[in-house]
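Open the model in your viewer and keep the selection panel at hand. The stops below say what to select and what is found there.

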Amino acid sequence: MRRHFRNASIIDASGAAPFQGTVTVEGTKIAAVTRSPVEAAGAPGEEVIDCTGYTLLPGLTEAHCHISFNNLTSIYSAVEIQPEDHSLIALANAQLLLQRGFTSLFSAASAKPRVDVAVRDAINRGLFEGPRMRAAGQEITPTGNLGDLDTTYLTFPRTLRFSIACDGADEFMRAARLAARDGVDTIKVNVSGDRDWGHMHADDTVTVITERELAAVMEVANARRLTVATHCSSSAGVKMCVRQGVPVIFHAPHADSEARDMLESVKDKVFVVPGAGFPISMLRRHDEFRLNWSAEKLASLEREIAIFTDCMRDLHKRGVRVLPGGDYGAFITAPMGENAKDFEYFVELFGFTPMEVIVAATRHGADLMQMGQEVGQIKAGYCADLVLLDGDPLADIRIFQDPNRILAVLKDGKFAKRDAALSRAASPIRKTA
Ligand SMILES: [Zn+2]
C-alpha cells in the first residue's frame, strides 16, 4: 500500500522552514517527499489523504520518560504495585504516549528492574503496538540519596524499589552489570541529590556520588556499549559527568559557567534534559490537587524554576542540545500523556522558537535514541514515523497538547492513530496533468 499525504505543511525537522508538499509512505518507509505544486497521483490500490490545513512532522521523542510511573501520589506508591500489574500499567502508558505522537521513548528509569525491558521487548516482538523504546533499569544511587527509601528500621526488597542503593566502585559496578544482565539499554545513575532530599543531606546542590563510583559504571557501560544517563542537578556533578563522558544528563540546573563551558565543549556528544514539567507543574497546579504546600515550599519551587530557566536559556544559546521530557507520571501534578506541555515551557521560558522545540523533540530526539540515521526527519528512506496535526504548531506550540488536534500518528508506516475525519477526507484522485 502506497499512501500519499497530499498538500500538507511539512516540517521535515532539518531546521528548514515548512513547505507545502506531499509525503509518500510505502511499507515502513518514507518513499518520497515532493514539493508542491506537484499533484500526487492516486493509482489504484493507493490512498491519497488530503492534508490541506494540516501539518506533517516526524514522530516525537520523549527524552525523560518513566512509563512505570502512573501519576504517583507519593514516592512509595510505585513500590506498592506488584510486578505483573506494573508491566501492564507501563505498557498502557507507552501506548498512550504513542497516541499523543511520541513514537520514541527514552527511559529515565524503571520503577522495578525489568518493567521497561519487558514492555520494549513485547512491542519489538509485535505482541503489542507501542513506541520505540530505550529501556532503563532502576536508578542506581549512593545510600542516603534520591530514591533510597530504606531507613535504619525498614528495608524494602531490592526488586520493589525504583532505586537501588550502592556504595563503593565495586557495588556500583555490580549494579551496572545486573542492569546489563536484565537487558537494559540505559543505565541510570543518581549523581546528585534532589529537592526534598535535604533531610538526608542530599539536596539538589550536593554531589553525592564519588568519581570512582561513576567511573565504575562508565567502565561497565562502555565495555557493553550501553548508554549512561544521570540524574544530576549539582554543578560539580555536571563537571564530573562531562569528565567521565556521560552522554545524557538530566536536570543540570545549578551548572555554573565552568560547567556550562564544559558542556559546550562536548555539545556534539551530550544531551541535557532539564525535566521541566515536573517542578513547573508542582508550582502551577498544587492548588488544583489540594496539596496545601507551605509558602516556603512554593517559594523554593519558584527559585528552582528561575535557576534552571537561566541555565537552559544559556545552554540553548551555546548550542548544547536541550531536549523536552519532564518526568510526566512521576507525580499527580504532571499526569502521563500531558508530556507535550514541556514544548510550551521551552518556548515560554527557555527562549526556544517553536521550530527549535520541534527539532529538539524530533531530530535531536532521534539522535538521543541513537537512531538519527533512521527516524526523526521527514526524508526519503527514513522510517515513516509521522505525526499529522490539525493546524500550525509554529503559530501555537500548544496544539501538541490537544489530543483532538493530533489527527494521525504513524510508526513504521502503520497508523497507531487515525482520526475519523481523516478517513472521510481520504479519496483517490486522478492525475490532472
Ligand atoms: Zn525522572
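Start by selecting Arg398, which counts as partly exposed at 46% relative accessibility; buried means under 20% relative accessible area, exposed over 50% and partly exposed in between, with a 1.4 Å probe and protein chains only. This is a predicted model, in which local features need pLDDT of at least 70, side-chain atom pairs count only at pLDDT 80 or more, and totals for chains, interfaces and linings use all residues. Residues are numbered from 1 along each chain as its sequence is written, and side-chain values use heavy atoms, with hydrogens and water left out.

A salt bridge here is a side-chain nitrogen of Lys or Arg within 4 Å of a carboxyl oxygen of Asp or Glu. Asp396 is partly exposed too, with a relative accessible area of 28%. Elsewhere, salt bridges that share partners join Arg260, Asp261, Glu264, Asp310, Asp314 and Arg318 into one network.

Helices (H or I, at least four residues) and strands (E, at least two) are DSSP runs, numbered from the N terminus. Asp261 is partly exposed at 43% relative accessible area, whereas Arg318 is buried at 17%.

Next, select Asp196 and Lys297, another salt bridge, with the closest N and O atoms 3.1 Å apart. Asp196 lies in the loop between strand E11 (186–190) and helix H4 (211–224) and Lys297 in helix H8 (residues 295–317), so the pair ties together parts that are 101 residues apart in sequence. Lys297 is buried, at 19% relative accessible area. A search of the whole structure finds 30 salt bridges.

After H8 comes Gly319, with a positive phi near 85°.

What does Glu356 touch? Select Glu356 in helix H10 (residues 354–368), where it is partly exposed at 32% relative accessible area. Not counting residues up to four places away in sequence, Glu356 touches His316 and Gly351, contact meaning heavy atoms within 4.5 Å. The side chains of Glu356 and His316 are joined by a polar contact of 2.9 Å (a pair of N or O atoms within 3.5 Å; within protein, one must be able to donate a hydrogen and the other to accept it, and residues adjacent in sequence count only if both atoms are side-chain atoms).

Last, select the zinc ion. His64 (NE2), His66 (NE2) and Asp327 (OD) coordinate the zinc ion at 2.0 to 2.1 Å. Donors are N, O and S atoms within 2.8 Å of the metal (3.2 Å for Na, K and Ca); water is not among the atoms, so sites may look incomplete. Along the chain, the donors follow the spacing H-x1-H-x260-D. Both His64 and Asp327 are buried.
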